[in-house]
Amino acid sequence: MPTVLSERLFELWDRPTAVVWCEAWTHAHAHSEVLAEYWNSLSSLIFVVVGALGIRNAIKQKLPLVFFYTEAMLIVVGLGSTTFHAQRNFLGELLDELPMSALAFGYLLCCNELHWLMQPPFRLLTVGLNAGFITLGWGCYLLLHSYVAFTTTFTLQVFFMALLSLSALPELGGPWATSRRWWWHFLLAILSGKTGWEYERWLYRTGNCPTDPSDPLFWLHSIWHLMSALAHFSWIRYVASLHLYQRGDPSCGLEKAKKDK
């Protein structure tokens, strides 16, 4: 069994990815023989840094264990993304994409007890349906080799947890309450990054990838890494403050926002 597994891993390592980013198209191995996409590889490490800081903060604030899982998955995403962009193989792609979906599942679990859908008797149904949806998406991705299946699954996961968390603990006020400000920071960061991500894909599809590093468009994918890491930081801070508020911790900073509303 170990021999079969190792052979399979080597097979996936040797198999090139079908996903091509602009840096791979214009500057493959331009700065390193090891790193195919030099800047995309290095910028991926921001996830490792943010995840490590998140674990430190989870320890400091004594947050639920699922926060440790979620931050650990962000670190795995960072290492997988670095491998993906550095080696441009299918194993790196799997190590990048599948942990992202597992990370988004962690986001859902971070909302435990904060929303009626994540409280008994609906919690089991909500988590079960999400797990089933993820399994279906992963199946389509792995069996059909459809990158769109992954991006669609991950996008819908994030969309669902975003709406769920925005309406969590309604006693803190509506969507525009000051207690939700970090949620809006999250939304601004993720939309900004995603817009750049989509535009970079369009540039590649139309054969217009920027070739000059002095062109700001050259850095779109690296910016996506930075903005999505910022979105993660903002959302985790928002949901952590909800948990702190729920247990009566004055450090959450939400009491005043509640009274204002």
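How do the residues of the lining of the second largest cavity divide into nonpolar, polar and charged?

Modeller: The model is a predicted one, and the description that follows should be read as such. The residues lining the second largest cavity divide into four nonpolar, two polar and no charged. By name, the lining consists of Ala104, Phe105, Leu108, Asn130, Ile134 and Gln157. Two elements, α6 (90–110) and α7 (123–144), each give two or more residues to this lining. Of the elements, α6 gives the most, with three residues.

For context, the search of the whole structure finds two cavities of 30 Å³ or more. The largest cavity has a volume of about 60 Å³. Its lining is made up of Cys22, Glu23, Thr26, Asn40, Glu200, Pro210, Leu217, Phe218 and His221. Helix α2, which spans residues 22–27, gives the most to the lining of the largest cavity, with three residues. By class, that lining has four nonpolar, three polar and two charged residues. In the lining of the second largest cavity, by contrast, no residue is charged.

Notes:
Residues numbered from 1 in each chain as written. Predicted model: local features only at pLDDT ≥ 70, side-chain atom pairs only at ≥ 80, totals over all residues. Heavy atoms only, no water. 1 Å grid on protein atoms, 1.4 Å probe; cavity = no way out; pocket = protein on both sides within 12 Å on 5 of 7 lines; lining within 4 Å. Points joined across faces, edges and corners; volume = space filled by probe spheres on them. Helix = DSSP H or I, 4+ residues; strand = E, 2+ residues; numbered from the N terminus. Nonpolar A, V, L, I, M, F, W, Y, C, P; charged D, E, K, R; others polar.
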